[in-house]
Amino acid sequence: MKVGVLALQGDFREHLSALGECGVTGKLVKTPSEVSEVDALIIPGGESTTISKLAKSFGLFDLISKRIADGMPTYGSCAGMILVAKSILDPASGQETFGGIDMQVRRNAFGRQTESFEVDLAFAGISGAPIRSIFIRAPWVESCGSGVDVLGSLEVDGKSHPVAVAQGRVLATAFHPELTGDNRVHRYFLEEVCNK
Amino acid sequence: MSKANETEVGGARVKRGMAEMLKGGVIMDVVNVEQAKIAEDAGAVAVMALERVPADIRAQGGVSRMSDPDMIEKIQAAVSIPVMAKVRIGHFAEAQILQTLNVDYIDESEVLTPADYEHHINKWNFTIPFVCGATNLGEALRRISEGAAMIRSKGEAGTGDVSNATTHMRKIGGEIRRLTSMREDELYVAAKELQAPYALVKEVAETGKLPVVLFTAGGIATPADAAMMMQLGADGVFIGSGIFKSGDAAKRAAACVKATTYFTDPKIVADASRGLGEAMVGINVADIPVPHRLAERGW
């Protein structure tokens, strides 16, 4: 299986390294022909507005949307989570998403950078110690449909917000496992989500 | 379920991680809400809010300081991408102010008039991350040892002359490559020569890169400049005066974003370079007397 990492902007090299540590040689992709050649796709952390604008300018937007709709296994972290959401609560002007998970996300939900944080997160489907998770100007899931599996949540002011979700062959996390050296989320994607 | 109040804020991974998310992107200097929106629409990954772009600071002279908090807050309200702001070198009280404003990154910048000619800010004392300028590896590592979570090569701001950015990127890259070829016992002398902490020198020698993200800055004015800097090893690009001192700012901004992503594809960079209107006029760095060169500030 060829796993691509969308390399328009963001921390795509960290995802590539994480794949490598899982024994998978990933490929950075940023043209329509490169995206067409991969069997699965990771959408990295970065600026979701920048990534979606570049995807539109270079003929990737409709292609990626269609491939996700057709069942290509896809994992998005942070900006990637925003981009695989069905809708954004508070989009930047003209900002659209690829879609893939029946959810609405709130951008920068936890606040600005001074509120960015690390926390131990329980992740359904991943055993062992909780996952040390890095949230950077992260989104959360504001609401999601009944077909969405919530794999991890954070409680803020007494209210629970999903931060790791999956639907079909699409996985999304509001945090960045690619920054920690703990590759269990990548393994979960490769072993569980891709084989659904 | 985890609670958000069991969290750790302001750790090194969170600060450095923020810069990781900016990689492959362009950070643009803006002086008002209108420019900030143009930058966001063009695909900037962040904006630097300041009262005067470096070209105007250079032209108008005088002491240059942190921007008015009202001006920074207006820009924060207008865009959803990260907002950075500058403080004078060593001016920790300006940095305290910016932290209360919740800007996303502080640039301790030689573009402003230094407040301290000996010490930089102890950046470990802040939850907000800092980016600092550097002209060589030793300077970069000294800033990192003070807590900088991101480095940008200095170049010569406000000139539109890319030559100093080239010099600084080549210098930093060359010094890193030199460390990776050394025997372990040679690294002690290397640390002495670089005037940098041995632990950081050893880390760079082992990994072949800085422990934080390295952007480039100072004189970048065209898509080709951006593509060249990326090929020289920059993780991303700051463009200060180059965009809003040019003819068609919106078009040039979008073009620089495209060139930064597709820096290895000259056809795309060529297309991005078409019909951009007038570039900023610029000043040759060689024509600027040494005491007026901003890159000389910082130690």
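## A pair within one helix

In this predicted model, Glu206(B) and Lys202(B) form a salt bridge in which the closest N and O atoms are 3.0 Å apart. Both residues belong to helix α9 of chain B, which covers residues 198-207, and they are four residues apart, about one turn of the helix.

The two partners fall into separate classes of accessibility: Glu206(B) counts as exposed, with a relative accessibility of 58%, whereas Lys202(B), with a relative accessible area of 25%, is partly exposed.

## A pair linking distant parts of chain A

In chain A, a salt bridge joins Glu96(A) to Lys56(A), and here the closest N and O atoms lie 2.7 Å apart. This pair links distant parts of the chain, since Glu96(A) sits in the loop between β5 (85-88) and β6 (101-106) while Lys56(A) sits in helix α3 (residues 48-57), 40 residues apart.

Glu96(A) is partly exposed, its relative accessible area being 43%, and Lys56(A) also counts as partly exposed, at 41% relative accessibility.

## A further pair in chain B, and a network

Arg274(B) and Asp271(B) meet through their side chains in a salt bridge, with a distance of 2.9 Å from N to O. Of these two residues, Arg274(B) counts as exposed at 55% relative accessibility, and Asp271(B) counts as partly exposed at 48%.

Elsewhere, salt bridges that share partners bring Glu118(A), Asp120(A), Arg132(A), Glu8(B) and Arg13(B) together in one network.

## The overall count

Over all chains, the count comes to 28 salt bridges. Side chains of opposite charge can pair when their charged atoms come close.

Terms used
Residues are numbered from 1 along each chain as its sequence is written. Chains are lettered from A and ligands numbered from 1 in the order in which they are written. This is a predicted model: local features need pLDDT of at least 70, side-chain atom pairs count only at pLDDT 80 or more; totals for chains, interfaces and linings use all residues. Side-chain values use heavy atoms; hydrogens and water are left out. A salt bridge is a side-chain nitrogen of Lys or Arg within 4 Å of a carboxyl oxygen of Asp or Glu. Helices (H or I, at least four residues) and strands (E, at least two) are DSSP runs, numbered from the N terminus. Buried means under 20% relative accessible area, exposed over 50%, partly exposed in between (1.4 Å probe, protein chains only).
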